[in-house]
Amino acid sequence: MSPPLPRKALMPDYDVSAPLDTDYYGVFADVPEADRAFWSRARTFAVETLDELSEAWDKAEYPLHLARRLGELDLLTDGVEGPGLTPMSPLAAGLVNMEISRGDGSMGTVVAVQGGLALRSIAMFGSDEQKATWLVPLARAEKLGAFALTEPDHGSDSVGLETTAHRDGDEWVINGEKKWIGNGSVGDLTVVWARDNDDNVRGFLVDQSLPGYHGETMLGKGSLRAVHQARITLTDVRIPLDAVLPGTHTFKDTAAILFATRLGVAWSALGHATAVFEAALNYAQQRVQFGKPIAGFQIVQERLTLMLSELTSMQLHCMRLAELDAAGTLRPIQASLAKFHNTRAARSLASLARDMLGGNGILLENHVIRHLADIESIHTYEGTESIQSLLIGRDLTGVSAFH
């Protein structure tokens, strides 16, 4: 008798990962060729790395070579403009966010951190010298960047940050703690947000190799397991005076960066939702019960229809806001609504898809459970559902509920 095949050599019972390009309303039918080229490269990356990333997720390992591959493919700029950066329209940036997240949420987070936050901070508020030094290396992932705003005691209340940067002669001395910082323990540069001597909120470029900088990778995550977040301690970290981002002065500057990334999170949610919907549809056509594919049962067709209606709504949110962004008329609060709607919808679709796959829905080889877990993170970061609700509510009523 032949010995049993090793587990990796066995074919999965079902192949539910094939992209189906679901677009019921033809929302993306007229995507310009230049934008479609970015989308195509992102699709190729997502497909080719799917199995490797699923294994890395299972082991809670961060495949840094894949993060660098994103840079080589010029997929990390998130539409940020600056010297040496390839122009990328808001639509192209969204499609890249969507497609990378359709493959894996951890790599979607790399795009959000590296391009959406670190690169954008320097492009928006850096000096000419800082831009010349950092923009291209970050865009190409020759250097990995982090964005350190959140603190152990200040998440949604990030305006209350306690990290300080005091001037001492020709240096800044930084002290404080940060938490949930992507690339904060494995990168090269961290944009640290702190209060200066005059209590102004400013961004500082901190080399992670400096004495007093300690980034500890956070363990035990049940979501986004293939990318590392860190808890950072800064103890008398000394940096030169010109390491401050000169365009930063108040928390409004920090908020401008966060506002710009929220639309990216809405696109990321769409990518996750697309993955779980298409997994459910593929599975329904392959899974046979009671003598026929379950796609032939009324309750399955009703669920698929419900999921499609939500997915189509998510697509419309993203496409319309990409148009407004390109026209320069996008309001930050509109991006908040897109994030609020799309992450909620993605959670619902992932739950339905997991249920439709039955026991097979909890197997990593079918990917749905990984997306379900990762959606929990994007539902939280860049402003929780509660915070988005308060921002939108204030805009609607003219009354702030924050205090």
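Modeller: In this predicted model, ring pairs join Phe28, Trp39 and Trp267 into a cluster. Across the whole structure, a search finds six aromatic pairs.

Biologist: How is a pair of aromatic rings described?

Modeller: One gives the distance between the ring centres and the angle between the planes. Here, Tyr14 and Tyr283 form an edge-to-face pair, with 4.9 Å from centre to centre and 65° between the planes. Tyr14 belongs to the segment before helix H1 (33–59), while Tyr283 belongs to helix H6 (residues 251–286), so the pair ties together parts that are 269 residues apart in sequence.

Biologist: Are Tyr14 and Tyr283 buried or exposed?

Modeller: Both Tyr14 and Tyr283 are buried. Another edge-to-face pair consists of Phe290 and Phe297, at 6.3 Å centre to centre and with 75° between the planes.

Biologist: Why does Phe290 count as exposed, and how is Phe297 classed?

Modeller: A residue is called exposed when its relative accessible area is over 50%. Phe290 counts as exposed because its relative accessibility is 78%. Phe297, with a relative accessible area of 24%, is partly exposed.

Biologist: Which charged groups sit over rings?

Modeller: There are two cases to consider here. The charged end of Lys292 sits over the ring of Phe297, 4.6 Å from its centre. The charged end of Arg225 sits over the ring of Trp57, 5.4 Å from the ring centre.

Biologist: May we examine a residue within a helix? With which residues is Thr312 in contact, leaving aside its neighbours within four places in sequence?

Modeller: With those neighbours left aside, Thr312 is in contact with Tyr24 and Tyr25. Thr312 itself lies in helix H7 (residues 298–327) and is buried, its relative accessible area being 6%.

Biologist: How should I read the domain annotations?

Modeller: They come from a record, and such annotations may be inferred rather than shown by experiment. In an unreviewed UniProt entry, the feature "domain: Acyl-CoA dehydrogenase/oxidase N-terminal" is placed at residues 33–142. Over residues 33–142 the chain is 75% helix and 0% strand, with its end C-alpha atoms 28 Å apart. The UniProt annotation "domain: Acyl-CoA dehydrogenase/oxidase C-terminal", also from an unreviewed entry, covers residues 260–396. Over residues 260–396 the chain is 78% helix and 3% strand, and the end C-alpha atoms lie 21 Å apart.

Biologist: How many helices and strands are there in the protein chain?

Modeller: The protein chain has ten helices and nine strands.

Biologist: What is the radius of gyration of the protein chain?

Modeller: The protein chain has a radius of gyration of 22 Å, which agrees with the value near 22 Å for a compact globule with 403 residues. Along its principal axes, the C-alpha trace spans about 80 × 60 × 40 Å. Buried residues make up 52% of the 403 residues. Among contacts with a separation of 6 or more, 77% are between residues 24 or more positions apart. The accessible surface of the protein chain comes to about 17800 Å², of which carbon and sulfur atoms account for 54%.

Note on methods. Residues are numbered from 1 along each chain as its sequence is written. This is a predicted model: local features need pLDDT of at least 70, side-chain atom pairs count only at pLDDT 80 or more; totals for chains, interfaces and linings use all residues. Side-chain values use heavy atoms; hydrogens and water are left out. Helices (H or I, at least four residues) and strands (E, at least two) are DSSP runs, numbered from the N terminus. Rings of Phe, Tyr and Trp (its six-membered ring) pair if their centres lie within 6.5 Å; planes under 30 degrees apart count as stacked, over 60 as edge-to-face and the rest as tilted. Buried means under 20% relative accessible area, exposed over 50%, partly exposed in between (1.4 Å probe, protein chains only). A charge sits over a ring if NZ of Lys or CZ of Arg is within 6 Å of the ring centre and within 35 degrees of the ring normal. The radius of gyration is taken over C-alpha atoms; the globule rule is 2.2 Å times the number of residues to the power 0.38. Contact means heavy atoms within 4.5 Å. Accessible areas come from the Shrake-Rupley method with a 1.4 Å probe; for residues, only the protein chains shown count as cover.
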